[in-house]
Amino acid sequence: MTDGASPDSVKIAFDNTYARELEGLYVRCTPARSPAPRWLRLNHGLAVELGLEPVELDSPAGLAVLAGNVVPPGADPLAQAYAGHQFGGFSPRLGDGRALLLGEVIDRAGRRRDIAMKGSGATPFSRGGDGKAAVGPVLREYLMGEAMYALGIPTTRALAAVATRAPVVREQVQPGAILTRVAASHLRVGTFEFVAARQDLPLLRRLADYTIRRQEPHLADAPDRHLRLLEAVIARQADLIARWMSVGFLHGVMNTDNMAISGETLDYGPCAFLEHYDPRAVFSSIDNGGRYAFGSQPRVAQWNLARFAETLLPLIDPDETRAAELASTAVDGFAHLFENRFGELLQSKLGLVGQDDADRELAADYLKLLADHRVDFTLGFRRLNDAVAGDEAPLRVLFGKAAEALEPWLDRWRARVHRGVTDSAERLAVMARANPIYIPRNHRVEAALAAAVEHGDLAPFQRLLEVLQRPFDERAEDLAFAEPAPAAETARYRTFCGT
């Protein structure tokens, strides 16, 4: 890391519209100081994208800012207020208990982006907590966000991870850390629920119109803009959940306060990726009833969106019955949007070109084969690439003793693939971008985090991050990272919230 910069040399052109326009939805707060901060990771590429100078950030001055020891000029740190349905139960006041929005910047593409700190100390919303974060969860969120970004899935991303060297007491004492997170915005379904629960119609209108100006500016002058905002959020979430399902991603805690209005993946607490395909898979230690199981994610998303729709009813139409009808129609449309998008993604994964009424059944039958024979989800699709290229042996090896059960489906699939109009090279290119070979394998993630937390060794984390940043390119030297964990390890795997 470079030396010699002063705190004033870190220049970030903040423009804090949330603070200016949404009074009543935040509390100003100052981050806690870190006693002896050190870098864990700085995302140079993201810094450039944001229009920041990596050399300035990668300095003692930048470290001071990203450790919470210096508030940079122009920043307006605040803890956002929001409510949320957590595992189906409503909490009217949650808010940022360990996060602070430093401010917003306009990136090089002209997009407004939030820069926020997570683990920066207690806020008025901490509810008795310490507001801190530990190294393990911070590195998990950094790793998962960058992996999802490389997979082409909308996500928040980490600008930096900094070790605070302050102890964090959970089940045991852990080393502390701060994550600096970047998002299109941190507005959530829970933000709207917070206002609706207070029946503050003027503030609700301000929030909705602010959201439209920020996220859907083309709707700003539309007379039905609030209904169309609802429809836009539903469409974004349908696309997002379909993308999650297409790579085997399980969020683990789909509370309404974790559903971003922007359609980005928000919060990587008890998340995981499937190994063998199982719609009932649950890895979160706190999801005892399986509410957020892998196959339930579309249903839960629609339920969350219904809660969002309820908050907008007074703005959609002054006639309550009419408002409810319009909102219900929009929410009911989620299932169709999701199924269509997921179907498109499965077509790409199977190498199918054009439309065929039997494609959904073909895809569903393959997923059932994967489930019945406990075949790895990621490799089960990736090895279809080899089959299209003329080598079906890797796919049969993957199925093992169940290879005979695969044959009738393979006959149907071959016949359908050959009906496509795309040549084999083009078809392979599509499949190669739809079927990753490298995902954040759960055992690899845990090993990397354990090395960092227990031994201060960041090399396994950095190596895994490098592999995951190129998920579609099969490389001989990295094939160990494509191997599933032993079945026994997957069966007992559990993830935990970072709080």
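## Basis

Residues are numbered from 1 along each chain as its sequence is written, and side-chain values use heavy atoms, with hydrogens and water left out. Because the model is predicted, local features need pLDDT of at least 70 and side-chain atom pairs count only at pLDDT 80 or more, while totals for chains, interfaces and linings use all residues.

## Nonpolar cores

The largest nonpolar core holds 131 residues. A nonpolar core here is a set of buried Ala, Val, Leu, Ile, Met, Phe, Trp, Tyr and Cys residues joined through side-chain atoms within 4.5 Å. Buried means under 20% relative accessible area, exposed over 50%, and partly exposed in between (1.4 Å probe, protein chains only). Leu230, Tyr366, Phe399, Trp409 and Trp413 touch the most other members. Helix H8 supplies the largest share of this core, 12 residues. A second, separate core has 25 residues, including Leu42, Leu46, Ala47 and Val65. In soluble globular proteins, nonpolar side chains tend to be buried together.

Trp413 shows its surroundings through contacts, meaning heavy atoms within 4.5 Å. Neighbours within four places in sequence aside, Trp413 touches Leu350, Leu352, Leu362, Leu384, Ala387 and Val388.

## Cysteines

The disulfide count is zero, where a disulfide is a pair of cysteine sulfur atoms within 2.5 Å. Cys29 is buried at a relative accessible area of 16%. Cys271 is buried too, at 0% relative accessibility.

## Cavities

Four cavities reach 30 Å³ or more. Cavities and pockets are found on a 1 Å grid over the protein atoms alone: a cavity is a set of points where a 1.4 Å probe fits but cannot get out, a pocket is an open set with protein on both sides within 12 Å along at least five of seven lines, and lining residues have an atom within 4 Å of a point. Grid points are joined across faces, edges and corners, and a volume is the space filled by probe spheres set on the points.

The largest cavity has a volume of about 90 Å³. Its lining has 13 residues, with Gln237, Trp244, Met254, Asn258 and Met259 nearest the centre. H8 (residues 225-247) gives the most to this lining, four residues. Helices (H or I, at least four residues) and strands (E, at least two) are DSSP runs, numbered from the N terminus. By class, the lining of the largest cavity has seven nonpolar, five polar and one charged residue. Ala, Val, Leu, Ile, Met, Phe, Trp, Tyr, Cys and Pro count as nonpolar, Asp, Glu, Lys and Arg as charged, and the others, Gly among them, as polar.

The second largest cavity is about 50 Å³ in volume. Gln80, Asp96, Ala99, Leu100, Leu101, Ala116, Arg181, His186 and Arg188 line it. Strand E6 (residues 99-106) gives the most to that lining, three residues. The lining divides into four nonpolar, two polar and three charged residues.

## Second largest pocket

This pocket has a volume of about 490 Å³. Of its 21 lining residues, Arg111, Arg113, Ala184, Ser262 and Glu264 lie nearest the centre. Strand E7 (112-118), helix H7 (201-215) and H8 each supply at least two lining residues. H7 gives the most, with three.

## Helix H6

H6 (residues 189-197) is largely enclosed by the rest of the structure, because seven of its nine residues are buried. These are Val189, Gly190, Thr191, Phe192, Glu193, Phe194 and Val195. They pack against helix H1 (17-21), strands E4 (84-86) and E5 (89-91), H7 and helix H9 (297-316). Just after H6, Gln199 takes a positive phi of about 50°.

Arg291 sits in the loop between strand E12 (272-273) and H9. Arg291 is partly exposed at 23% relative accessible area. From Arg291 to Gly88 is 203 residues in sequence and 8.8 Å in space, C-alpha to C-alpha. Beyond neighbours within four places in sequence, Arg291 contacts Phe87, Gly88, Ser296, Arg299, Val300 and Trp303.

Phe87 lies in the loop between E4 and E5 and is partly exposed at 30%. Its phi is positive, near 55°. Arg165, in strand E9 (residues 157-169), has a positive phi near 65°. Arg165 is exposed, at 52% relative accessibility. Most residues other than glycine have a negative phi.
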